Every structure is written in C-alpha cells, then in structure tokens.
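Please open the structure in your viewer and keep the selection panel at hand. The stops below are meant to be visited in order.

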Amino acid sequence: MTTLRPFTCEDMLRFNNVNLDPLTETYGLSFYTQYLAHWPEYFQVVESPSGEIMGYIMGKAEGHGENWHGHVTALTVSPDYRRLGLAATLMNLLEEVSEKKKAYLVDLFVRVSNKVAINMYKNLGYIVYRTVLEYYSGDPDEDAYDMRKACSRDINKQSVIPLSHPVRTEDVD
Amino acid sequence: MALRSQHVHDGGVVERRLRPVYDWLDNGYNKKALQEAEKVLKKSPSLQAARALKALALYRLGRAQEAGAVLDALVEEKPSDDTTLQAMTMSFRESQQLHKVCTIYENAVKIDTTNEELHSHLFMSYVRVGDFRSQQRAAMAIYKFAPKNPYYFWAVMSIVLQAKETEDTTKRNILLTLAQRMIDNFISENRMEAEQEARLYIMILELQEKWEDIIKFIESPLYGQLIPGSISQACIPYLKKLGRWKKVNILCKELLYDNLDRWDYYMPYFDSVFHLMKENSNEENIDDTAEKCHEFICQLVESMSSGRTLRGPYLARLELWKRLSVEGDPTALLGSALALCVQYLRVFASKPCAVPDLKVYLAMIPQEEREANCRDFLTCLGFDENSEPETMDDIQRHISCLTAWRLTAPRPGTTDALQLAATLRRHYLRSLEKNMIKYSTTEFCSADSYAILAAHHYFYAATEQKSSKPILEALCLLELVLLYSPANYHVKLLLVQLYHLLGNALAADSIYRRLELKHIQLVSLGWLHTARADAACVPTRALQLLADLRAFHTHHAKDQSIEHMTYAYKFGTFEKVVEPPAPPAPLHAAHTDNRDLNIIVNWEPPELQDPDLRSRTFDQDMAYLRLTDALLSSVTLCTELAENKPIEEKMQHYEQLRTCVDTFSEAMEKCTEKYCVYEKITISGPFPSRIIGFVSSPVPYRELYSITLRMIGELSMNNTDKVHELCDQVVAIILISSKLIVQEIRYGAEDNGWSMRDRLESLSNYLQSIGVLTYLLGVCYEMITPTNTKKSKKKANRSVDQMQTIKLIDNINVTLQQAIASLEELMDLWPDYDFSVDLEEELTRMNINPTAPSPVENKLKLGLDKIIEDIQNILKRKTAYLKGLILNTNT
C-alpha cells in the first residue's frame with residue numbers, strides 16, 4: 001500500500017525509521033541536496049497511507065558512451081515494511097527513468113554478505129557482473145558485488161557479460 | 001566548501017606555487033595559509049591569485065579589515081582570471097558581501113567577453129543575490145555566443161522568477177506569456193531535450209492555470225519521451241483542477257486494475273466518487289455511488305491471485321467507510337467498522353505493518369463499541385493473551401493481534417498493566433528459551449515486540465503508581481532484548497527514553513551512542529537526548545553533544561545556504577529553484593520545529609493520544625529559550641559594564657541592562673502564570689519542558705536574577721545608596737533560595753528512582769543560578785577594583801562608601817559560599833536508586849542463562865555516581881574561585 005512520490009528536503013527530518021537500520025548510511029546533508037538538485041527523478045520515496053516513510057531510492061545517471069548508465073546509490077526499506085515488494089517497486093522506477101535517459105544498463109553495489117538483497121536483485125533480473133575487493137571500509141573491509149541489468153538500448157546485452165576476475169576498488173570508475 | 005575543485009583547469013606554474021596555500025586553507029590552517037601566500041607574494045608581489053588567497057586567509061583569521069583592503073585593491077584592478085575570481089568569491093561569500101561577487105564578474109566579462117565560464121559565474125552571482133532581471137540578461141548573453149539549452153532555460157527560469165516576485169498582475173501575465181512563448185518556440189523547433197525542461201514548461205503553464213494546455217502537453221509524444229511514469233497519472237491533478245471527475249474516475253480505475261497497491265491512485269479515485277455522487281450522472285462505467293465504489297473495490301479484491309494478497313483493496317474498503325461516515329452511517333453497505341478492521345487484521349496479521357496500517361482506522365470505531373469488542377482483535381485468529389505460538393510467522397500474528405487489542409482496549413489499571421506486562425515478558429522469554437530469537441544485523445526479530453509491548457505496560461503502571469520499579473523491570477527486559485537483537489532501534493529508543501525517565505542521562509548515553517546518529521539526525525532526534533542532557537545535570541556530556549550539533553549547523557551554514565540554488569541551475573533542475581529551499585530553511589530558522597516525534601511507537605488508544613503535544617512542547621521550549629536568552633544578554637551587558645570606562649560612556653549599556661532585566665522579569669512573570677501546569681509524561685514524546693520546573697520552583701529565580709543584575713547595573717554607575725540597598729536584598733534572597741532548594745529537592749521522597757529526574761532538573765536550575773551568580777560576583781569585583789589598583793589592594797585609598805561596598809559584596813560572596821556549602825551537604829546525602837527487579841527470578845525459573853549479566857543496576861549506579869561527582873567538582877571550583885575574590889581581609 002504505497003504512495004510513490006519524489007523525495008523532498010523535509011523528508012530528511014522524517015526518515016529516521018528507515019535510516020536507523022544499521023546498514024543504511026546517513027550521509028551529510030550536502031550529499032542528499034546534491035542528488036536532489038542533480039537527479040531529482042532518481043530520488044523517490046514510498047510512503048504508507050498514514051504518511052510514514054517506508055523506504056526510498058537514490059540514484060543517478062553517469063558514464064560516457066556505452067557506459068552511460070543508471071546507478072543505484074542507496075535503496076532502503078524500513079524493517080517494519082519489508083517483504084511487501086517495495087524495493088522492487090522502487091527498482092522498477094529507477095529502471096524506467098534510466099530507459100527514458102537512454103541508458104545502456106543499471107548497476108549497483110551490494111555487500112557480498114547481504115544475501116537477502118543479492119537474492120532480491122537476482123529475482124529482479126540483475127547478475128553479478130564482478131566482485132570489487134574491499135569496497136566497503138570497516139573492520140574488516142568487505143567486498144562488494146557490482147550487479148547489473150541491461151536496458152533495452154543494449155540490444156546485444158554486452159554490458160552484462162560477467163568479468164571472470166575481481167577488480168580492486170581503485171579500478172572502479 | 002573545498003576550494004580545490006574550482007581551480008583544476010588552471011594548471012601551470014601559478015597553480016603549483018599556490019597549491020600549498022589551498023591545502024592549508026582547505027584544512028583550516030589559515031595562519032599557515034597566510035604565511036605561504038606571503039611567501040609567494042615575496043617573489044611575485046603583484047600576483048592577483050596569491051593576493052586573493054591572502055585576503056581569504058586574513059578574513060578567516062578574523063582580520064576582516066586587512067582582508068577588505070586587499071580585496072578592494074583587487075576589485076579596482078578588474079582581474080579576469082578564474083583562480084583569482086574564485087578566491088575573491090569565497091571571501092565575499094564568507095563575509096556576506098555577495099553583491100561584490102557580481103561586480104567582479106561584471107568587470108571580468110567586459111574584458112574576456114566570450115568566456116563561457118566567466119559568464120556563467122556572473123549568472124550564478126546574480127542568483128546568489130536574487131537579482132532575477134540581471135540573471136535573465138546574463139543568461140541570454142551567454143546563449144548568444146554559446147547557444148546551449150541550459151543557458152536558454154536559465155533565462156526562462158529567471159523570467160518565471162520575476163513573474164512570481166511581482167505583485168502587479170499585468171506584469172506577471174506578460175512575463176509568464178513571454179516565458180511560455182520562449183519554450184513554445186523551442187518545442188516547435190524540436191529542441192527541447194531534457195526532463196527538467198519539460199517540467200519547467202509545465203510549471204509555467206501551472207502558474208497561468210492553463211490546465212487544458214498542460215494535459216495536451218502531457219499527452220503529446222514529446223512528454224512521453226522525456227518524462228517517465230504513467231501519462232494518466234500525470235494528468236490526474238489537472239483533471240481534478242478542471243473538475244473533470246468522470247475522466248479522473250475512469251483513469252484511476254484503469255490504473256488501479258494494474259496497480260492494486262497504489263494509495264496515490266486510490267485517493268483521487270475516492271475524490272472523484274464523492275464528487276460524482278453529488279452530480280447523479282448515472283452513467284454505467286462511472287462509479288458515482290457508494291455501491292458502485294464498493295463493487296469496484298470488491299472486484300479488485302477478487303482479482304488478486306490467491307498467492308499474493310495485497311493490502312490496497314482492503315485498506316480502500318476501510319477508507320471508503322471512513323469517508324462515508326462523515327455524512328452518514330455506512331454500516332448497511334459495508335458492515336461495521338469494527339468488523340472491517342478485524343477482517344483486515346485477520347488477513348494481514350503476519351506482516352509487521354498490519355497494525356500501523358490499521359491504527360488510523362481504529363479511531364473511527366466509536367470508543368464504547370471499540371472497548372466493548374477489543375478482545376475480537378485478540379481472538380480473531382484463535383489466539384488469546386496466553387497462547388504460545390510455535391512458529392515465527394505465528395509469533396508475528398500473535399503480536400499483531402495483541403497490539404491491536406491493546407490499541408482498542410481501555411487503558412488498564414496498575415494491576416492489570418503489571419499482570420499483562422508480566423505475561424508479555426514471559427512470551428518473550430519463552431521465545432528466547434525455545435530458540436525462536438534469530439540474531440541478524442539487519443532484521444528485527446518478531447518476538448522483540450512482546451518485550452516492547454511489555455515495556456509499554458510497565459510504563460503505564462509506573463506512571464499510575466509513580467513508581468520506578470516497573471521502569472526498572474522494563475529496562476532490564478529491554479537490555480536483555482538488545483543482547484539478542486542488536487539491530488532493533490525500537491528497543492534502543494525506548495531504553496534511552498526510560499533511562500532518562502529515571503533521571504539517568506549517562507545510562508541513556510550508553511544506548512544513545514549505539515544509535516550512531518549522524519548529521520541531520522542530530523537535529524531531528526536531538527530532543528531525545530541532547531536537549532535533555534543539561535537539565536539532567538550532566539554538563540560535561542551536554543557540552544560535547546551540543547558541540548556536535550553546533551558543528552553540524554556551522555558546517556551546513558557554510559556549505560549549503562545559498563549554493564543549493566546555484567546547483568539547481570547548474571543541473572537544470574528548475575523545480576528545485578522554486579521549491580522552498582528546504583534544507584537550509586528549516587534548519588536555519590530558529591523558530592522551526594525540526595523534531596521527529598513519530599520515531600517512538602505509541603500503543604495507547606486513540607482517545608489518549610495527545611495531538612497538541614508537538615506544538616505545546618515546542619512553544620514551551622521556545623519560551624524557555626527566550627528566558628535564557630534574556631538572562632544571557634543581561635549577563636553579557638554586565639560584563640561590558642565592567643570595562644574600565646568613564647560613566648558617561650557606560651550609560652547606554654546601563655540603560656540596555658535595565659531594559660533587558662525588565663524584559664526577563666516580565667517574561668518570567670508571564671511564564672509563571674502560563675506554564676505553571678501539570679504535564680502528563682508520555683512514553684513516545686519529549687518529557688515536560690524544562691520551563692515548567694523552572695517557573696514553578698519555590699526558589700524565587702526571577703527575583704534572584706533580577707535583583708543581582710540590577711545591583712550590578714547600579715554598581716557600574718556608582719549609585720552607592722542603591723547598591724547598598726540591593727546588596728542586602730541579594731544576600732537575603734540567596735539565603736531564602738538556599739533553604740527552598742533543599743525543600744524542593746527533598747519533596748516527593750517516597751520513591752527515589754521515580755523522583756530522580758525531577759530532583760536533578762530542579763538541581764540543574766539551581767546550579768545554573770549558582771553559576772551565574774558566581775560569574776556576576778567576579779564582575780562586581782572587577783568593577784570595584786579597577787585594574788590599576790588591583791595589584792596593591794591593601795594600599796589603595798578608598799572612601800568610606802567604597803569600603804562599605806566592598807564589605808557588602810564580600811558579604812554576598814560569603815553568603816553564596818555558604819549556599820554552595822549547604823548544597824554540597826545535600827549532594828553528600830543524595831539518595832540512591834532502590835534497585836529491585838524480579839526478572840532474574842523469572843530467568844532462573846525458566847532456566848535461561850543470558851550471554852551477559854544485566855547491566856542496568858550498574859549503569860544506574862555508575863551514572864549517578866558520576867553525575868554527583870561532576871556536580872561536586874563544579875561546586876568545589878566555584879567555592880575556590882569565590883574565596884579568591886574576597887577583598888576585605890577582616891571578613
């Protein structure tokens with residue numbers, strides 16, 4: 001049961017029920033405002049009928065030539081609103097925006113330990129394109145999967161042929 | 001904002017030599033930056049970029065005048081290289097001289113006429129000062145030699161802003177027509193290419209209320225190419241504006257058939273039905289009656305495949321009931337609201353969101369009916385309060401039923417609340433014993449909610465009984481839950497709240513740290529801990545917490561305030577230009593309520609909800625801040641009056657002080673009438689504001705502060721008679737206060753844990769007065785021993801009056817020391833918590849061995865010890881300071 005709407009600045013004062021989740025990062029204010037200013041169409045909220053923020057997605061479009069792609073910067077759903085298909089709703093939206101922008105693919109990074117999320121992305125048609133070593137800093141550092149899904153513009157699905165070797169964080173553009 | 005990114009293109013020798021200057025500046029070493037800039041200037045004294053950076057360093061070192069001189073000279077020279085201009089821009093921005101940025105770029109583009117970069121900086125400089133007309137001119141100027149879309153749309157946006165600004169309707173219409181025509185031309189030449197350009201076009205049409213034109217545009221192929229999302233959905237707001245409800249009705253139904261769960265489609269659908277009901281059009285495919293609407297919802301329910309039941313259609317039925325009930329009784333059509341709610345719960349109880357969804361609709365069941373049938377919620381799936389579900393899914397169902405029951409039942413009396421809390425606790429412990437608590441870093445464990453609900457019931461009992469024991473039980477239980485479910489922030493928030501309820505900010509702090517709040521969260525959740533720390537008598541920690549919050553504000557103010565506008569232009573996101581500049585605005589305006597008060601779940605029935613809590617507590621906190629502000633201003637004026645200046649020069653400050661003290665005194669009187677109220681404590685919101693305790697204290701703070709401040713005013717004017725009279729009054733009132741604070745703190749001594757918070761708050765108000773008075777006495781001595789005589793205090797020649805003044809001030813000093821001494825005695829006898837809980841027994845009985853012992857008793861004890869030790873140290877320092885001030889050796 002969802003209202004889908006663009007993220008607004010005031011939402012930052014109300015998204016605690018989502019962001020208090022330990023794996024959801026709260027960024028500096030300018031990080032959000034830059035996304036809002038630059039890619040507002042990629043920054044959307046799902047809201048419950050009672051007006052509570054259930055989750056949100058933050059993304060951007062970047063890259064040159066055949067690497068022009070949509071990127072998922074953050075996707076998060078409040079623990080109280082999981083298993084309702086909200087993440088899929090938000091991902092569909094991001095893919096649709098990327099299609100309009102004539103992107104070749106959509107990509108995202110996910111902790112290799114986050115099995116729930118990885119499975120969800122797989123169900124949505126994403127494949128593990130490559131492993132990025134020690135992408136998440138922490139104790140110890142953790143690897144990331146770079147997961148991808150081709151858009152319709154990538155007719156031959158060139159962008160989703162998995163790499164056989166992992167890459168290092170500094171080699172990720 | 002880092003400087004670095006702004007000069008990357010400016011390579012070469014200059015860049016290399018200036019790099020260290022940038023490095024120092026970026027890292028806040030302004031002195032080093034200044035030295036480095038001087039070094040560069042020794043070799044090439046005229047280098048403009050180096051001088052601009054030198055000015056910036058000077059400004060940041062607080063040497064604004066020198067910085068200004070350097071900058072003025074540079075402005076005269078009309079520099080046109082970007083490095084210099086950027087550095088000057090930084091200085092002007094930080095010193096709030098934004099119009100000067102316009103000047104330097106106006107000069108620069110005259111020299112380098114076709115430099116796109118300089119022109120766009122000029123445009124941005126107008127954006128910062130809000131000069132829309134100049135913005136438009138600058139944008140068109142660039143577009144002439146660099147015909148790119150963004151520049152064109154900058155110009156259009158600038159026209160729109162002029163239209164929005166003007167109050168002259170004719171001018172507004174002309175400007176909007178112009179803006180629209182500019183885009184119309186662009187569209188006809190097939191040159192519109194970005195989503196935001198299309199959105200700007202819609203914005204212009206909206207401002208002219210050209211709803212038909214907007215719909216036409218949305219239905220055009222161009223829109224579909226540029227903007228994602230459904231065309232029908234995009235049309236709906238404008239169809240509503242046009243009152244074309246039939247169309248809205250049809251479109252929403254189509255959308256809903258494919259998207260059963262989209263609340264933003266149901267809402268306009270209902271709007272249309274309720275409008276069409278009044279029209280009686282009676283068309284077949286239009287839902288214009290409650291019956292047809294219900295029929296449609298039933299179709300949606302039936303259309304769901306058996307595997308996946310969505311909440312949408314079920315909640316829609318509840319919404320229909322709610323809307324129909326405004327003007328009648330929908331029971332004949334839909335059945336009772338109670339039955340609908342129970343049905344909803346029966347279907348969705350396995351989801352954690354079931355009860356939050358239902359909460360809004362439970363309020364529509366009449367209270368009597370709700371309370372009489374509350375057990376229907378509990379039993380609708382075959383559970384009761386003693387059921388022992390065996391699977392995780394059933395635990396969630398059980399919890400949903402229990403919660404819905406508690407939301408509908410009348411608030412229990414103490415015995416019932418305690419009994420229920422014990423039952424719920426047993427459910428949690430049983431889940432633990434049966435290994436149904438699954439540890440995960442990201443997921444909550446369903447059974448945690450048993451404990452949370454138990455904690456709420458312990459809280460109810462505690463507030464009824466005014467007893468700390470149930471809170472101690474809740475704390476022990478919640479700490480246990482946290483051992484097994486470290487991700488559950490609901491548990492952490494409750495712990496912070498309950499530790500504070502028992503007056504232990506340091507125990508609360510141990511959990512608060514684990515919430516790992518950052519950035520904006522420090523603002524929205526500041527009420528939970530930071531705002532309470534000072535009143536809870538933990539000044540050291542309060543200072544750290546407040547420093548973190550201040551760092552956020554300062555950083556934000558520097559980084560963001562105007563720049564979000566320039567960003568919006570840079571990226572062509574025109575909606576953000578007109579959107580209320582939200583991030584800085586609510587944070588900067590001191591009078592905006594930024595608190596997130598919904599974060600702690602409240603399970604009290606609808607009639608016990610307090611809808612005014614937000615505005616009331618905000619108003620109270622603001623009133624307290626205003627009082628403190630007036631007090632602080634008075635103290636500052638006293639400090640200024642202590643400067644060694646002739647009396648005539650001090651007159652102005654003296655008058656200001658009198659006004660300020662009067663303001664404080666009057667405000668205090670008004671607040672005493674207004675805020676002398678009893679406030680109920682709620683588990684989910686802020687506790688009663690500090691102002692209540694402050695103004696209703698038996699200690700006469702109003703007189704204590706205002707008489708002391710007045711005495712200092714008179715002292716600065718050498719009005720000896722008045723001073724002497726007031727000094728006696730100060731002594732008297734310190735003595736009275738010293739007695740009354742003991743009474744205030746001893747009051748309500750039945751349950752030490754329960755009274756702890758109130759006592760510490762009373763103490764914090766009193767400590768503040770001790771601090772202020774001690775400081776003010778320092779100021780007094782400053783006044784009566786001017787600097788030149790200080791070193792030889794015994795030898796100074798003093799008049800009889802002066803001697804008398806010294807004696808009287810010394811007397812205040814001694815009295816204050818006595819007051820501190822009596823407070824120290826009180827601190828030595830400060831009562832401990834009476835710690836007794838029965839959770840341990842229960843654990844033993846159920847044969848559960850937690851992985852760690854309960855930390856609650858220790859946290860409370862150590863926290864309180866530390867609080868008392870801190871206060872004792874503060875008092876010791878005050879006494880030592882006061883002793884050192886005494887002048888008359890005979891005293």
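The model is a predicted one.

**Stop 1: chain B as a whole**

Select chain B and colour it by secondary structure. The chain contains 45 helices and zero strands. Its C-alpha trace spans about 105 × 85 × 50 Å along the principal axes. Of the 891 residues in chain B, 55% are buried. Among contacts in chain B with a sequence separation of 6 or more, 70% join residues 24 or more positions apart.

**Stop 2**

Two packed helices are described by the angle between their axes and the distance between the axes.

The crossing of α15(B) past α17(B) is right-handed. Which residues meet here? From α15(B) come Lys253(B), Leu256(B) and Tyr257(B), and from α17(B) come Phe296(B), Gln299(B) and Leu300(B). By class, this contact of α15(B) with α17(B) has four nonpolar residues, one polar and one charged.

For the second pair, select helix α29 (residues 505–512) and helix α45 (residues 856–885), both of chain B. These helices pack at an angle of about 120°, with their axes 7 Å apart. The two helices, α29(B) and α45(B), are therefore oblique to each other. On the α29(B) side, the contact is made by Leu506(B), Ala507(B), Ser510(B) and Ile511(B). On the α45(B) side, it is made by Lys859(B), Gly863(B), Lys866(B) and Ile867(B). The residues of the contact of α29(B) with α45(B) comprise four nonpolar, two polar and two charged.

The residues that make the contact include Tyr654(B), Leu657(B) and Val661(B) of α37(B) and Tyr705(B), Leu709(B) and Arg710(B) of α39(B). In total, the contact of α37(B) with α39(B) has nine nonpolar, four polar and seven charged residues.

**Stop 3: buried places in chain B**

Next select residues 563–570 of chain B, which form helix α33. How many of its eight residues are buried? The number is seven, and the helix is mostly covered. Among the buried residues of α33(B) are His564(B), Met565(B) and Tyr567(B). Just after α33(B), select Gly572(B), which takes a positive phi of about 65°.

Then move to His456(B), which is in helix α26 (residues 448–465) of chain B. His456(B) has a relative accessible area of 1% and is therefore buried. Leaving out residues up to four places away in sequence, His456(B) touches Leu494(B), Val601(B), Asn602(B), Trp603(B) and Ile683(B).

**Stop 4: two loop residues in chain B**

Select Asn190(B), in the loop between α10 (169–188) and α11 (195–207) of chain B. Asn190(B) is not a glycine, yet it has a positive phi of about 60°. Is Asn190(B) buried or exposed? Its relative accessible area is 70%, so Asn190(B) is exposed.

Now select Glu516(B), in the loop between α29 and α30 (520–524) of chain B. Glu516(B) has a positive phi of about 50°, although it is not a glycine. Glu516(B) counts as exposed because its relative accessibility is 61%.

**Stop 5: chain A**

Turn to chain A and select residues 2–152. UniProt, in an unreviewed entry, places the feature "domain: N-acetyltransferase" at these residues of chain A. The span is 25% helix and 35% strand, and its end C-alpha atoms lie 27 Å apart.

Within chain A, select Val132(A), which is in strand β6 (residues 127–136). Val132(A) is buried, with a relative accessible area of 0%. Asp143(A) is eleven residues from Val132(A) in sequence, and their C-alpha atoms are 5.7 Å apart. Beyond its neighbours within four places in sequence, Val132(A) is in contact with residues including Phe109(A), Asp143(A), Val167(A) and Val172(A).

Finally, select Pro140(A), in the loop between β6 and β7 (142–150) of chain A. The peptide bond from Asp139(A) to Pro140(A) is cis, with omega near 0°.

Definitions and conventions. Residues are numbered from 1 along each chain as its sequence is written. Chains are lettered from A and ligands numbered from 1 in the order in which they are written. This is a predicted model: local features need pLDDT of at least 70, side-chain atom pairs count only at pLDDT 80 or more; totals for chains, interfaces and linings use all residues. Side-chain values use heavy atoms; hydrogens and water are left out. A crossing is left-handed if the near helix is turned anticlockwise from the far one by less than a right angle, and right-handed if clockwise. Helices (H or I, at least four residues) and strands (E, at least two) are DSSP runs, numbered from the N terminus. Contact means heavy atoms within 4.5 Å. Ala, Val, Leu, Ile, Met, Phe, Trp, Tyr, Cys and Pro count as nonpolar, Asp, Glu, Lys and Arg as charged, and the others, Gly among them, as polar. Buried means under 20% relative accessible area, exposed over 50%, partly exposed in between (1.4 Å probe, protein chains only). UniProt positions are given in the numbering used here, feature names are shortened, and annotations may be inferred rather than shown by experiment. Axes are lines fitted to C-alpha atoms, for helices over the stretch in contact, and angles run from 0 to 180 degrees between N-to-C directions. Angles under 35 degrees count as roughly parallel, over 145 as roughly antiparallel, 65 to 115 as roughly perpendicular and the rest as oblique.
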